[in-house]
Amino acid sequence: MSMITNAIDFRYLLLDNYKKLKISEDEVIVLLMIDQLIRENNALITADLLSLKMNYDPKKIDDIIASLLKKRYIEFKTSANGTITSLDPLNNILFNDFKLSAAEDDESNINPSKKEMEDTIYTSFEKLLNRNLSPVEVDKITAWIQYGYSEETIINALKEALSKNKKSLREVDRILLNWEKKEDRQNEGLSTNDENWDKNLEKTVDLAKTPWVKKDE
């Protein structure tokens, strides 16, 4: 196990998560006793050894160990020094769950406004579309937020699509892109009218270059 894993108390994580992992109270006390015996440098933890420390008889402890092995929470490893009892499988499960929970907490704490913004947009979309969003649609909205579109812009783009009787997020995406292009042109000092004028001028020039009479006529 890594130094980071060892730094996190196995017993705390076990007691905090055993219900979620469907570990019974009998299994918890056996796991805690196995952990204690391992800390005391015992290699192979047997039912007989555990019964010396516990009020359970060896048969009951054997059944509990068999259940824990079946659930893959403990294992017996063979090394050059013989067979040892290991809690690494359960420890890894608890540690990975701890990391995932910590990452989710960090995300919520670092950017609570982003989470609030996402929830507002999801709720608005479901209300306007009168249905639940699919996972793909949720990912698409998240991508818009990450790109930098504001909450108001995204919701207004959906309203624009609905005004055209189009209910797909593909249409919303197209509207957002068109608005962005229009904003870019305006920021560059080129209005939509300017663009149309340029196109008309280009057509006029091309028309002026077209010969009206063939040279051999």
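This report walks through a hairpin, a helix pair and an aromatic pair in a predicted model.

## Ground rules

Because the model is predicted, local features need pLDDT of at least 70 and side-chain atom pairs count only at pLDDT 80 or more, while totals for chains, interfaces and linings use all residues. Residues are numbered from 1 along each chain as its sequence is written, and side-chain values use heavy atoms, with hydrogens and water left out.

## The hairpin

Strands β1 (residues 75-79) and β2 (residues 82-86) run antiparallel, joined by 5 bridges. (Strands pair if DSSP finds at least two bridges between them; helices, H or I of at least four residues, and strands, E of at least two, are DSSP runs numbered from the N terminus.) A hairpin of 2 residues links β1 to β2, and Glu 75 has Ser 86 in β2 as its bridge partner.

## Helices α8 and α10

Here the axes of α8 (residues 135-147) and α10 (residues 169-187) come within 11 Å and cross at roughly 15°. Axes are lines fitted to C-alpha atoms, for helices over the stretch in contact, with angles from 0 to 180 degrees between N-to-C directions. That makes α8 and α10 roughly parallel (angles under 35 degrees).

Glu 137, Lys 140, Ile 141, Trp 144 and Tyr 147 in α8 meet α10 residues Leu 169, Val 172, Asp 173, Leu 176 and Glu 180, contact being heavy atoms within 4.5 Å.

## An aromatic link

Trp 144 also pairs with Phe 125: the rings sit 6.3 Å centre to centre, tilted with 50° between the planes. (Phe, Tyr and Trp rings, the six-membered one for Trp, pair if their centres lie within 6.5 Å; planes under 30 degrees apart are stacked, over 60 edge-to-face, the rest tilted.) Phe 125 is in α7 (residues 112-129) and Trp 144 in α8, so the pair ties together parts 19 residues apart in sequence.

Definitions and conventions:
Parallel < 35°, antiparallel > 145°, perpendicular 65-115°, else oblique.
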